[in-house]
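Welcome! Here is a short briefing to read with the sequence and the 3D view side by side. Take a moment to look around the model before you start on the points below.

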Amino acid sequence: MMTAIVYHEDYNKYDLGVTHPLIGDKPRKTMVFLREKGMLRFLKIFTPTRVDENDLLRVHDKMFVDHIKELSRNGGMLAVDTPAPVGIYDYARLAAGGTKLAGEKLFEGFHCAINPLGGFHHAGRGYSSGFCFFNDIAIAIEYLREKHGLKRFLVIDLDVHHANGTQDIYYEDPTVLHISFHQDGRTLYPGTGDVEEIGRGDGEGFTVNLPLPPYTSGDVYLMAFDEIIPPLVEEFDPEFIVYQSGVDGHHLDPLASLGLTYQTYYHLADRIKNLSFSTCNKLLVVLGGGYSSMISVKSYYNIVCGLIGRGDYIEEEAYISEKNMRQVEELIHSLKKILSRYWNII
Ligand SMILES: [Zn+2]
């Protein structure tokens, strides 16, 4: 079965400046590395176009969209950490167009589709920061909901930062099960994502957060994944899965402090692919954050290896010892206690 990947050279214009941590040409570097490693023969490349205003307005407030359009004309600041360069309205719409196109490919015979410039999960309906402008995940979900009438979307967000924007958009919506694993908000931007944040109203029980303490190692992270995610996925029985596969949880990422390794990313992607195979067979992957150029690109490569089922992934040179097992076990216990009010999880 073929995997689709979307790519446009203009992706590399989503650049917030030379001194900004976001690596503007990371999409190109990722594609070059995949080509050098001989992976493109397993991937079919598609060229995205920009989403239109109608796509944006299914998710975002008109005032917010107009604000970004205005900033994009002369440049400015969207938030203290998020400069808005000239033209960003078009580049952010192109990124969202990639996620939308990748989503559509899953209805055209592909079982997995990847957008290397996606996962802007800090964008809410009427606000954003954290290097994000438009929430491409929600834009794709709302487009697919309208076009294909789907009723159960699963989002697994493994970026090191809490997915506050996506969570807020779907906080009262039981049709989207949103699971975020991230570094504890008391130690990292954006500060949210406590285990007690579980959704509201009809959406109660459909938001799941696991805030991990700094330095948590990859083996402990995988243990937590296995304890929490498969039982929820099985019971929810999604019709569509989005995997935000940010790699800023790697132990050498400059912006955060988790202890994941290259291997961890292979094993996570492999597990999520298998969850997709056993449910809806529709897996949309947005590659998400990662702020050290080569480390991010190698981690993304390992994710692609996991998705397409190739075992020749990159391994860490140094051994990373187990860290925070007992703390994370306690955390899992607390989370399961909360979730057991809504799910068959023990
Ligand atoms: Zn991140």
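Angles under 35 degrees count as roughly parallel, over 145 as roughly antiparallel, 65 to 115 as roughly perpendicular and the rest as oblique. This is a predicted model, in which local features need pLDDT of at least 70 and side-chain atom pairs count only at pLDDT 80 or more, while totals for chains, interfaces and linings use all residues. Residues are numbered from 1 along each chain as its sequence is written.

**The whole protein**

- The protein has 10 helices and 10 strands; these are DSSP runs numbered from the N terminus, with helices (H or I) of at least four residues and strands (E) of at least two.
- The radius of gyration is 18 Å, close to the 20 Å that the globule rule gives for 346 residues, so the protein is as compact as a globular protein of that length. This radius is taken over C-alpha atoms, and the globule rule is 2.2 Å times the number of residues to the power 0.38.
- Along its principal axes, the C-alpha trace spans about 50 × 50 × 40 Å.
- Of the 346 residues, 51% count as buried. A residue is buried if 20 or more other C-beta atoms lie within 10 Å of its own, exposed if 12 or fewer, and partly exposed in between, with C-beta atoms placed from the backbone.

**Helices H8 and H9**

- Helix H8 (residues 262-277) packs against helix H9 (residues 293-308) at an angle of about 30°, and their axes are 7 Å apart. Axes are lines fitted to C-alpha atoms, for helices over the stretch in contact, and angles run from 0 to 180 degrees between N-to-C directions.
- H8 and H9 are therefore roughly parallel to each other.
- Residues of H8 that meet H9 include Tyr262, Tyr265 and Lys273, and their partners in H9 include Lys298, Ile303 and Leu307. Two residues are in contact if their C-beta atoms, placed from the backbone, lie within 7 Å.
- By class, the contact of H8 with H9 has 8 nonpolar, 4 polar and 3 charged residues. Here Ala, Val, Leu, Ile, Met, Phe, Trp, Tyr, Cys and Pro count as nonpolar, Asp, Glu, Lys and Arg as charged, and the others, Gly among them, as polar.

**Helices H7 and H8**

- Helix H7 (residues 218-236) and H8 pack at an angle of about 10°, with axes 11 Å apart, and are therefore roughly parallel to each other.
- Gly218 lies in H7 and is buried, with 24 other C-beta atoms within 10 Å.
- Gly218 and Ile320 are 102 residues apart in sequence, but 8.2 Å apart in space, C-alpha to C-alpha.
- Asp226 is also in H7, but it is exposed, with 12 other C-beta atoms within 10 Å. The C-alpha atoms of Asp226 and Arg271 are separated by 8.8 Å, although these residues are 45 apart along the chain.

**Backbone details in the loops**

- Most residues other than glycine have a negative phi, and most peptide bonds are trans.
- Tyr189 and Pro190 are joined by a cis peptide bond, with omega about 0°. Pro190 sits in the loop between strand S7 (176-183) and strand S8 (207-212).
- Phe131 has a positive phi, near 70°. Phe131 is in the loop between strand S5 (112-115) and helix H5 (136-148), and counts as buried, with 21 C-beta neighbours inside 10 Å.
- Asn281 has a positive phi, near 60°. Asn281 belongs to the loop between H8 and strand S10 (283-286) and is partly exposed, with 15 other C-beta atoms within 10 Å.
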